[in-house]
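Q: Could you take me on a close look at the aromatic side chains here, and at what surrounds them?

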Amino acid sequence: MNCDIRKALVSDMPSVFNLIKELAVFENEPDAVHISVDTLIQHGFGNEPLFTCFVAEVNSSIIGMALVYFRFSTWEGKSLHLEDLIVSQKHRGKGYGKMLYNQVMHYAKSQNVNRVEWVVLDWNSDAIQFYERSGALLLKDWYLAQMDKTRLNNYIQSII
C-alpha cells in the first residue's frame, strides 16, 4: 500500500482524535482523554499553534499520527518532544510507524533542535526495541512526574 506522510490539516483532526482515543485504550487508560476535536483545532492551528501533527494516510484514510511540540532544555536548549506516535491496530507491522518516526526526526533536524525526547511505557517492548534499534537512548533512572488538574488545584489550596 502507498502511504503518504504529511502535516495534518484541520480536517484531519477527527481522525487524529480517534487515534488518540485508540492509543489511550492501548495504554490501558480508556478514560484518560479529556480533550476534544475542537481542542486539537484550537491549539494546533492558527497564529501560534502549540503543536505540530503529522499523519499517515493510506487510501484517503488517516491510519497513523505523530504529534510533537517544542520544549526548552536548560542543558540542551531547543528540544522537540514527541507526545504521541500511533498507528491504528489493523495497520501495524507494515512500516507506517517507522515512516512517521522518520518524519519526526527529519522535522527535528530541519528545526535545528539539540534533542528529541519522548516517553515509552516500560511494558511496550515492541516500541522499546524499535527505539533502541534506531539509536535512541532510553533513560531508565528518571521518573516521570505529573500534576493533573485535580492535583494542581489540591496543591494550590494547600499552600494558600
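A: Happy to! Let's begin at tyrosine 131, which counts as buried because its relative accessibility is 10% (buried means under 20% relative accessible area, exposed over 50%, partly exposed in between, with a 1.4 Å probe and protein chains only). A word on the basis: this is a predicted model, where local features need pLDDT of at least 70 and side-chain atom pairs count only at pLDDT 80 or more, while totals for chains, interfaces and linings use all residues. Residues are numbered from 1 along each chain as its sequence is written, and side-chain values use heavy atoms, leaving out hydrogens and water.

Tyr101, Trp118, Phe130 and Tyr131 make up one aromatic cluster. Rings of Phe, Tyr and Trp (its six-membered ring) pair if their centres lie within 6.5 Å; planes under 30 degrees apart count as stacked, over 60 as edge-to-face and the rest as tilted. In total, the structure has nine aromatic pairs. One of them joins phenylalanine 70 and tyrosine 107, whose ring centres are 6.1 Å apart with planes at 40°, so this pair is tilted. It links distant parts of the chain, 37 residues apart: phenylalanine 70 lies in strand β3 (residues 61–73) and tyrosine 107 in helix α3 (residues 96–110); helices (H or I, at least four residues) and strands (E, at least two) are DSSP runs, numbered from the N terminus. Phenylalanine 70 is partly exposed at 37% relative accessible area, whereas tyrosine 107 is buried at 16%. Phenylalanine 130 and tyrosine 131 pair edge-to-face, 5.6 Å centre to centre with 65° between the planes.
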